[in-house]
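Dear colleague,

Please read the notes with the coordinates open beside them.

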Amino acid sequence: MIWNETMECMDRETLRKIQSARLKKIVDYAYHNTPFYRRKMQQMGLTPDDIESIDDIVKLPFTTKLDLRDNYPFGLCAVPMSQICRIHASSGTTGRPTVVAYTRKDLRVWSECVSRCFYAYGASEGDIFQVSYGYGLFTGGLGAHQGAENIGASVIPMSSGNTAKQIQLMHDFGATAICCTPSYALYLAEAIRESGIPLEEFKLRIGAFGAEPWTEGMRAELEEKLGIKAYDIYGLSEVAGPGVGFECECQKGTHLNEDHYFPEIVDPQTLEPVEPGKTGELVFTHLTKEGMPLLRYRTKDLTALHYEKCSCGRTLVRMDRILGRSDDMLIIRGVNVFPSQIESVILEMPQFEAHYLLVVDRVNNTDTMELQVEVRPEFYTDEINRLLEMKKMLHGRLQSVLGLSVDVKLVEPKTIERSTGKAQRVIDKRKL
Amino acid sequence: MEAKQLSIFLENKTGRLTEVTQVLAREGINLSALCIAENADFGILRGVVSEPDRAYQVLKDNHFAVSVTNVVGFACPNTPGSLAQVLGYLSEAGIFIEYMYSFANGDSANVIIRPTNLEACIEVLKQKRVELLAASDLYKL
């Protein structure tokens with residue numbers, strides 16, 4: 001199903017015209033209302049008149065997370081506080097939180113975008129959404145909530161945590177759709193199995209998973225364990241929150257709502273645009289935002305964009321699965337390693353649970369990487385040799401995928417922390 | 001003749017062994033024999049207990065990685081050469097032993113073995129009139 005066929009299936013030429021008109025308007029708006037952008041543009045000798053079409057976007061300055069922190073809390077707002085009706089903020093694990101502010105119209109646009117996602121998953125007013133993203137400063141909970149309400153569905157504002165209650169209400173209320181992080185969904189699946197309630201007694205059919213990178217292997221596992229179709233929902237609070245992008249029924253990439261959030265891919269080193277289909281850093285420009293419009297915001301997410309029309313009928317650009325944030329990338333003995341690569345190897349091996357912990361350290365000036373994994377209960381054996389073989393097999397596969405030797409450590413069941421939000425997969429002791 | 005042995009996967013961490021024994025103690029389950037096999041990062045505790053089925057469930061409920069393996073127990077005189085004689089019967093019959101553990105108790109010694117082929121092993125021991133220990137006896141030791 002398509003929520004907004006006009007915008008989602010528009011021919012690309014018309015879409016481009018709309019994007020050009022919107023870009024001109026937003027640059028003019030930011031120039032006159034955000035001192036930060038006026039200063040930046042003046043330094044570059046730019047005026048709003050230099051922007052004539054969407055192709056001129058490359059002339060504009062970039063914005064980084066650091067800029068958001070430097071202008072904490074409301075320095076990048078383009079409207080007086082009286083027009084701001086919602087404030088969200090990132091958890092801010094390093095330094096100050098990143099703040100985003102929305103006007104009433106911004107919230108409407110956001111809900112519209114989330115509605116497009118849920119319709120694409122085949123959800124509608126007949127569905128019961130269990131929103132198990134955290135409610136609060138994190139955009140996940142309220143973002144999914146508004147979108148589900150907007151399509152007329154019933155919403156269970158569950159928030160994260162309290163797994164036993166999650167399962168009870170999911171069962172008793174007959175939830176048909178769940179929104180949470182993929183790692184928490186896995187944890188829920190395990191908990192359902194342990195609860196002894198047969199899966200057939202649940203009505204769940206749709207999973208909207210996002211807020212952290214996940215793999216095809218994890219999708220297969222979630223679909224099998226929960227008896228659902230699992231879809232990616234993409235977003236980041238700086239741009240809006242969940243709903244910046246979504247998968248359709250074809251699951252051939254994540255469609256981006258580019259009539260509101262204009263995407264570009266640039267080389268993360270040179271910051272030059274790369275050709276369509278080539279991997280680089282994803283950059284967004286707000287085309288319609290009022291509260292805190294950002295120009296060319298660098299997401300640090302690495303992906304590629306594809307502009308061919310999708311078989312679902314949508315013309316909205318499609319993004320590849322996020323390989324990882326360039327922030328997540330570890331450099332181990334000079335080799336780039338993404339936790340998602342390790343995850344995909346683990347998920348290909350039925351012997352291991354999907355939960356893992358990667359501990360990186362530096363011993364005698366050499367980087368070391370220890371991977372802690374749990375063997376699944378049915379694969380525990382009395383024979384040490386069999387266990388050592390499993391360990392060796394995982395080590396070998398990691399070696400071939402990463403080109404690095406990883407020290408695999410088998411740990412006891414349930415000893416790796418299960419997260420209710422974003423999973424903590426990496427401990428890098430080198431920075432401490 | 002076959003007896004159930006519990007095998008518990010344990011990380012090499014201080015206190016884990018204590019925790020296993022505490023769980024069993026709380027439930028009033030007695031350990032009649034045990035041994036530990038270990039390598040660099042984990043160990044496997046193998047043991048014979050008074051109530052193997054209940055012990056299995058209790059350990060599982062406490063999130064231990066536990067499995068059940070069938071073993072065979074026999075007794076032989078606690079004198080030089082007795083064990084060599086029994087093991088000789090088994091190797092002649094081509095039976096390979098994965099692991100074993102034993103303890104002497106006065107004039108007699110009890111031995112628990114895990115052969116690759118359990119039935120063939122029991123057959124050989126029976127033929128050679130080795131004193132096999134019934135499972136119920138092992139659990140009660």
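The domain bounds used below come from an automatic or database domain assignment. Please also bear in mind throughout that this is a predicted model.

On that assignment, chain B is divided into domain 1, residues 2-69, and domain 2, residues 71-140, and the centres of these two domains of chain B, taken over C-alpha atoms, are separated by 22 Å. Domain 1 of chain B gives 13 residues to the contact between them, and domain 2 of chain B gives 13 residues. On the side of domain 1 of chain B that touches domain 2 of chain B, the elements giving two or more residues are strand 1 (2-11), strand 2 (31-38) and strand 3 (42-49) of chain B, and by class that side has 7 nonpolar, 4 polar and 2 charged residues.

Still in chain B, B:Pro80 is found in the loop between strand 4 (65-77) and helix 3 (82-92) of chain B, where B:Pro80 is exposed, with 7 other C-beta atoms within 10 Å. Between B:Pro80 and B:Phe96 there are 16 residues of separation in sequence and 22 Å in space, C-alpha to C-alpha.

Turning to the contact between the chains, 12 residues come from chain A and 14 residues from chain B. The largest share of the chain A side, 3 residues, comes from strand 20 (residues 407-411) of chain A, and the residues of that side divide into 7 nonpolar, 1 polar and 4 charged.

Within chain A, the axes of helix 7 (residues 163-172) and helix 8 (residues 182-195) come within 10 Å and cross at roughly 75°; because angles of 65 to 115 degrees count as roughly perpendicular, helix 7 of chain A and helix 8 of chain A are described as roughly perpendicular to each other. In this contact A:Thr163, A:Gln166 and A:Ile167 of helix 7 of chain A meet A:Tyr187, A:Leu188, A:Ala191, A:Ile192 and A:Ser195 of helix 8 of chain A, and the residues of the contact divide into 5 nonpolar, 3 polar and no charged.

Helix 9 (residues 216-226) of chain A has A:Met218, A:Arg219, A:Glu221, A:Leu222 and A:Leu226 buried. Seen down the axis of helix 9 of chain A, these buried residues fall within an arc of 165°, so they line one face of the helix. The face turned away from the buried side of helix 9 of chain A carries the exposed residues A:Glu216 and A:Glu224. The buried residues of helix 9 of chain A pack against helix 8, strand 6 (206-210), strand 7 (229-236), helix 10 (339-347) and strand 18 (352-363) of chain A, and helix 9 of chain A is followed by A:Gly227, whose phi is positive, near 65°.

Finally, some backbone details of chain A. Most residues other than glycine have a negative phi, and most peptide bonds are trans. The peptide bond from A:Tyr72 to A:Pro73, however, is cis, with omega near -5°, and A:Pro73 lies in the loop between helix 4 (65-70) and strand 1 (84-89) of chain A. A:Gln251, although not a glycine, has a positive phi of about 50°; A:Gln251 is found in the loop between strand 8 (241-247) and strand 9 (254-256) of chain A and is partly exposed, with 14 other C-beta atoms within 10 Å. A:Lys414, although not a glycine, has a positive phi of about 65°; A:Lys414 is placed in the loop between strand 20 and strand 21 (426-428) of chain A and is partly exposed, with 16 other C-beta atoms within 10 Å.

With best wishes

Technical notes. Residues are numbered from 1 along each chain as its sequence is written. Chains are lettered from A and ligands numbered from 1 in the order in which they are written. This is a predicted model: local features need pLDDT of at least 70, side-chain atom pairs count only at pLDDT 80 or more; totals for chains, interfaces and linings use all residues. Axes are lines fitted to C-alpha atoms, for helices over the stretch in contact, and angles run from 0 to 180 degrees between N-to-C directions. Helices (H or I, at least four residues) and strands (E, at least two) are DSSP runs, numbered from the N terminus. Angles under 35 degrees count as roughly parallel, over 145 as roughly antiparallel, 65 to 115 as roughly perpendicular and the rest as oblique. Two residues are in contact if their C-beta atoms, placed from the backbone, lie within 7 Å. Ala, Val, Leu, Ile, Met, Phe, Trp, Tyr, Cys and Pro count as nonpolar, Asp, Glu, Lys and Arg as charged, and the others, Gly among them, as polar. A residue is buried if 20 or more other C-beta atoms lie within 10 Å of its own, exposed if 12 or fewer, and partly exposed in between; C-beta atoms are placed from the backbone. The arc is that of the directions from the helix axis to the C-beta atoms.
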